[in-house]
Amino acid sequence: MCPRTRAGGAPNPNLPLVELRLTDVQTMFPPEVLGRLKQFLFCGNYGDALTARDTLPICEYLRAHNPKLRIKLVTNGSGRDAAFWSQLAKVVTTVTFSIDGLGDTNQLYRRRTSWNRVMDSVRAYLAAGGRAEWDFLVFRHNQHQVAEAEALARQLGFAKFNVKRSQRFLVDGQPADRFPVLRAAGGIDYYLELPTLPDYQNSGFVKLSSLQRRGQSYADYLSSTRISCKAMRDEQVYLSATGHLFPCCWLGQIYDSWPSPMAAEIRSRIAELTDGLDSLDLRKRSFAEIIDGPFFQDLVVRGWHPEAPQGRLSACGRMCGEIDTHSRQWESSSV
Ligand SMILES: C[S@@+](CC[C@H](N)C(=O)[O-])C[C@H]1O[C@@H](n2cnc3c(N)ncnc32)[C@H](O)[C@@H]1O
Ligand code: SF4
């Protein structure tokens with residue numbers, strides 16, 4: 001379900017292997033720009049901030065130039081040493097650890113992570129006074145461990161434990177209740193399955209599946225639903241590891257692991273720009289130039305119209321349509 005690989009198997013063949021260095025961040029966020037930001041979230045589409053060489057100096061730079069900035073990081077936690085975690089605790093506001101189970105199950109989704117290293121990271125970070133949250137993605141294979149994990153979170157000193165109900169059970173662009181995990185050499189290794197307990201299912205996703213049963217296809221839904229842009233609502237932008245600025249992380253998903261109409265639609269809008277992807281490069285252009293430019297102001301907005309002549313943006317329908325599967329990840333269906 002993570003586009004870094006093809007369903008857990010071979011690496012995504014379209015993904016550039018890049019990272020932002022401290023000097024990039026200093027160029028893109030000079031102190032006067034930094035002073036105007038409220039929040040900086042390291043989360044990402046295809047990677048994990050732990051693997052970038054300069055994550056710590058970048059956080060220190062942000063903190064030094066904006067003492068009030070909320071600096072947040074979302075990570076699988078499986079990496080780096082105790083010194084890194086205790087330094088990080090001194091500069092960031094919150095680290096969200098994505099831990100989907102306990103010692104025997106976490107690596108079924110968080111493949112090739114080490115439970116012991118995750119726990120070492122958590123302990124070092126919390127011992128240094130850091131504030132942490134635990135995000136627990138529920139699958140059938142870990143639904144019986146939610147209460148135990150929550151108790152462990154409390155015992156370790158997490159400030160919050162969040163049950164997350166995935167909306168990513170899409171196979172060949174259609175809602176499905178199981179998702180194949182592939183081997184790098186080909187063939188299915190095992191399946192990730194929807195939790196069977198209704199409280200751990202994403203109520204929006206359940207609604208999408210019932211649309212299908214009533215005869216409306218998911219593609220029809222995407223092409224007709226009313227869009228309410230979360231990036232505009234939250235006044236946020238997304239900066240990719242390649243240094244390009246997008247309205248949100250969903251439109252930043254242009255390196256598809258399998259051929260996907262969603263990514264192809266976004267790339268075709270980018271191809272309409274005079275300088276293509278370069279027009280969104282924050283190392284070469286200012287925030288104002290990019291945000292006031294044709295991609296943000298025209299090409300994206302055009303894709304929301306009910307009958308967009310050049311076609312709708314399915315990614316916008318999926319993430320910001322009337323059935324809000326994204327926000328419902330954190331909602332219990334029993335409330
Ligand atoms: C792609 S991850 C990158 C950050 C970090 N590497 C991580 O795994 O949390 C960004 C966000 O995607 C979410 N995510 C990852 N897999 C998911 C899934 N199958 N369903 C829903 N959200 C998922 C994570 O919870 C995180 O908030
Ligand atoms: S997916 Fe589209 S509508 Fe949603 S936040 Fe991004 S740009 Fe806005």
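Predicted model: local features only at pLDDT ≥ 70, side-chain atom pairs only at ≥ 80, totals over all residues.
Select residues 261–271 for α11 and residues 294–302 for α13, and you will have two helices whose axes come within 10 Å and cross at roughly 140 degrees. With both helices still selected, note that the crossing of α11 and α13 is right-handed.

Next, select residues 82–91, which form helix α4, together with residues 115–127, which form helix α6; their axes come within 8 Å and cross at roughly 40 degrees. This pair, too, is oblique, since angles count as roughly parallel only under 35 degrees. The crossing of α4 and α6 is right-handed.

Now move to ligand 1 and display the residues around it, of which there are 17, the closest being S98, Y109, R110, K164 and S166. By class, this shell holds five nonpolar, eight polar and four charged residues. In R110, a side-chain N or O atom lies 2.5 Å from an oxygen atom of ligand 1, while in K164 a polar side-chain atom is 2.8 Å from an oxygen atom of the ligand. Turning on a surface here shows how covered ligand 1 is: taken alone, ligand 1 exposes 540 Å², and the protein buries 90% of that.

The last stop is ligand 2, which has 13 residues around it, with C229, A231, C248, C316 and C320 coming nearest. The shell around ligand 2 is made up of 12 nonpolar residues and one charged residue, with no polar ones. To see which helices take part, select α10 (230–234) and α14 (314–320), each of which supplies at least two residues of this shell. It is α14 that gives the most, with three residues.

Note on methods. Residues numbered from 1 in each chain as written. Chains lettered and ligands numbered in written order. Heavy atoms only, no water. Near = heavy atom within 4 Å. Polar contact = N/O pair within 3.5 Å; in protein donor to acceptor, adjacent residues only side chain to side chain. Areas by Shrake-Rupley, 256 points an atom, 1.4 Å probe, with all protein chains shown as cover. Nonpolar A, V, L, I, M, F, W, Y, C, P; charged D, E, K, R; others polar. Axes fitted to C-alpha atoms, helices over the stretch in contact; angles between N-to-C directions. Helix = DSSP H or I, 4+ residues; strand = E, 2+ residues; numbered from the N terminus. Left-handed = near helix turned anticlockwise from the far one by under 90°. Parallel < 35°, antiparallel > 145°, perpendicular 65-115°, else oblique.
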